Amino acid sequence: MDEEEIEKAVLAYLKKKGFKQTELALQEEQQLRNKNSSPSTDPEIAKHILALSDAENVPAQYQEGYSKLRLWAHKSLDLYKHELLHVLYPVFIHCFMDLVAKGHIQEARAFFNSFREDHEMMHLRDLQKLEGVLSPSHLEEMEFAHSLRQSKVSIKICQYSYDLLIQYLHKTQSITMLGIINEHINFQVSPGQPSSISDDAEVFTLVGSDHDAANLVNQKEIHWGLFEDSLGERLETAGGRTMDSDKADGEVKDGELEENKKRSVDGGKGSSTQKKLKKDKVVAATGKASRSESSIATGAPRVKPELTLPIIPAEVEHSILEDLRNRVQLSSMTLPSISFYTFINTHNGLNCASISHGGSLVAGGFSDSSLKVWDTAKLGQQTGNSSLQGENELAPNDNILNANAKGRSYTLFRGHSGPVYSATFSPFGDFLLSSSSDSTIRLWSTKLNSNLVCYKGHNYPVWDVQFSPLGHYFASASHDRTARIWSMDRIQPLRIMAGHLSDVDCVQWHANCNYVATGSSDKTVRLWDIQSGECVRIFIGHRSMILSLAMSPDGRYMASGDEDGKIMMWDLASGRCVSPLVGHSSCVWSLSFSCEGSLLASGSADSTVKIWDVTRSSKVSKSEEHKNGNTNRLRSLKTLPTKSTPVYALQFSRRNLLFAAGALTKIA
């Protein structure tokens with residue numbers, strides 16, 4: 001091969017690899033050489049580059065290079081092995097996609113099948129998607145594959161593990177593997193010892209994992225506190241005013257108690273009065289304890305609302321304050337009472353369920369485009385138990401909602417032209433929102449039992465819709481990769497939040513109504529500022545699509561549940577994961593915090609409700625994590641299994657009673 005052919009091959013190689021600056025520099029050097037007749041380029045260097053160019057077209061290079069890297073990683077010292085093994089998965093999928101892109105389809109399939117078992121435990125869903133890539137055009141058409149090739153994977157690794165990897169690649173001259181790692185992996189090298197194996201869940205994510213961009217976004221300031229002059233604060237103030245009178249009353253009652261003791265010794269007629277006074281004293285002590293517990297939320301900073309908030313009617317405000325006064329204080333020692341509503345005869349047609357804040361109404365959205373609402377006060381008035389199939393197989397305190405009863409026990413709402421995927425009651429129960437595959441959102445009146453408004457704006461199915469904590473405003477999530485903010489009195493959205501790389505599957509309001517969180521199939525959760533419409537936090541750590549979100553009552557923490565059954569607790573201020581909660585074996589469809597924020601309830605497709613100790617989970621420091629591992633951060637207080645009812649919805653009432661709902665499946 002003469003010198004001219006070698007130079008052409010070198011230029012072709014540089015152009016193919018995208019080394020534009022090097023290509024331009026070589027062309028300029030050729031031009032100068034032609035003018036000055038300078039000595040030619042060293043042919044040995046050119047031949048070496050040409051050999052590399054030829055070698056990259058050989059599929060065996062990928063098979064051999066990956067096999068050697070895999071063997072080396074598994075034979076590494078145990079201290080560094082788990083970090084080095086993290087490199088294998090991104091290298092594996094990019095080797096496969098490179099082979100497909102070069103047209104070596106059969107070799108790509110053979111490579112994929114040879115090593116897929118190594119990664120099925122952690123990345124089964126990703127592998128199932130990539131299994132459908134059968135031609136170079138699929139890499140562009142498939143959104144998941146296209147995102148992988150366009151973005152870099154960020155991997156946390158210690159300095160010594162990084163040095164070992166680079167040394168191995170240079171020593172073995174694994175140019176193909178080095179090229180893939182250089183092009184598709186961004187190492188976050190940290191000094192000191194390797195991270196613990198228990199922290200593997202937070203090591204890397206694949207899609208949307210531009211950590212530099214996420215870290216930049218997460219530096220923005222957010223105000224996670226509660227409203228000034230909120231109802232809880234008013235109750236606290238009112239409680240403070242009555243403290244002195246309670247104390248005075250207590251002293252008077254103590255005096256009366258002593259007198260009654262004397263009377264009971266003399267005549268025995270004061271025993272009933274004595275019992276009553278003891279009971280009053282216990283009630284007063286309980287009231288004081290509840291006020292001290294409720295002051296936990298008052299420790300949150302106070303913020304001003306950015307939205308024009310609706311005026312709460314006086315009778316509604318009075319009812320809410322009454323609920324707050326009678327709230328049961330929950331803790332790890334005091335777990336909630338649970339009322340479970342079971343849908344029967346749904347014939348796999350139930351897509352979603354929703355429970356009003358007081359538990360008086362239960363709604364179900366169905367595949368036949370219908371929305372059905374049950375008044376729980378009327379459930380016990382039904383006659384003819386022959387239609388309540390399966391009742392004798394359930395717990396006796398279950399509430400049965402028959403979706404196909406002959407004598408209709410529910411109110412039927414019709415208006416959607418496609419399956420109903422989400423439903424949500426307003427905070428006061430007078431309105432109901434539903435979203436559907438027909439890309440619309442409908443507002444219903446539970447008092448008039450009629451449709452009031454049809455909101456159109458999304459272009460594709462709307463997966464979720466949620467009222468704000470004070471009503472009037474609501475948020476929606478759609479297949480069109482956007483979330484939108486609406487108000488009841490406007491038919492067009494007020495804000496459009498765009499930034500997710502895939503479907504927005506769920507949405508949740510912050511306690512102060514200034515922020516909205518969205519969970520997506522791109523495996524990230526984002527927090528949006530309502531006023532500006534900007535993304536102010538990006539939470540990265542899940543390995544599958546996010547299906548449920550919940551905000552703590554004080555607004556400081558957020559919980560997110562995914563398709564694999566994993567729950568992650570996030571600190572909104574820092575954007576970091578405080579604690580992963582592992583226990584469910586299938587999709588987490590619903591999450592709900594207790595009213596004082598000490599407990600978190602999760603409902604799953606594995607037919608269980610789990611109660612988690614949030615107080616302990618959120619107070620573990622980073623130093624304790626490294627000493628003890630993550631096991632101390634995880635505390636499931638109780639698991640409540642149903643016989644065969646996946647849990648669709650959870651809702652803590654204002655009095656801290658936990659409501660749950662799900663559809664009975666056939667028991668084998």
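How many bridges join strand 29 to strand 30? The close-ups below come from a predicted model, and the first one takes up that question.

Close-up A. Strand 29, covering residues 608–613, is joined to strand 30 by five bridges, and the two run antiparallel. Look for threonine 608, which stands opposite proline 641 of strand 30.

**Close-up C. Tyrosine 455 meets phenylalanine 474 edge-to-face.** The structure holds 21 aromatic pairs, and here's one of them: the ring centres of tyrosine 455 and phenylalanine 474 are 5.0 Å apart, and because their planes make an angle of 65 degrees, the pair is edge-to-face. Tyrosine 455 belongs to strand 14 (residues 450–456) and phenylalanine 474 to strand 16 (residues 473–478), so the pair ties together parts 19 residues apart in sequence. Is tyrosine 455 buried or exposed? Its relative accessibility is 0%, so tyrosine 455 counts as buried. Phenylalanine 474 is buried as well, with a relative accessible area of 0%.

**Close-up D. Phenylalanine 474 also stacks with tryptophan 486.**

**Close-up E. Six aromatic residues gather in one cluster.** The members are Tyr66, Phe92, Phe96, Phe111, Phe112 and Phe115.

**Close-up F. Lysine 372 puts its charge over a ring.** The ring belongs to phenylalanine 366, and the charged end of lysine 372 sits 4.7 Å from its centre.

**Close-up G. Histidine 500 sits in a loop with polar partners around its side chain.** The loop runs between strand 18 (495–498) and strand 19 (504–509). With a relative accessible area of 5%, histidine 500 is buried. Which side chains make polar contacts with that of histidine 500? Threonine 518 does, at 2.8 Å, and so does aspartate 522, at 3.1 Å. Leaving out residues up to four places away in sequence, histidine 500 touches several others, including Arg481, Ser520 and Trp528.

Key
Residues numbered from 1 in each chain as written. Predicted model: local features only at pLDDT ≥ 70, side-chain atom pairs only at ≥ 80, totals over all residues. Heavy atoms only, no water. Phe/Tyr/Trp six-rings, centres within 6.5 Å; stacked < 30°, edge-to-face > 60°. Helix = DSSP H or I, 4+ residues; strand = E, 2+ residues; numbered from the N terminus. Buried < 20%, exposed > 50% of the residue type's maximum accessible area, 1.4 Å probe, protein only. Lys NZ or Arg CZ within 6 Å of the ring centre and 35° of its normal. Polar contact = N/O pair within 3.5 Å; in protein donor to acceptor, adjacent residues only side chain to side chain. Contact = heavy atoms within 4.5 Å. Pairing = 2+ DSSP bridges.
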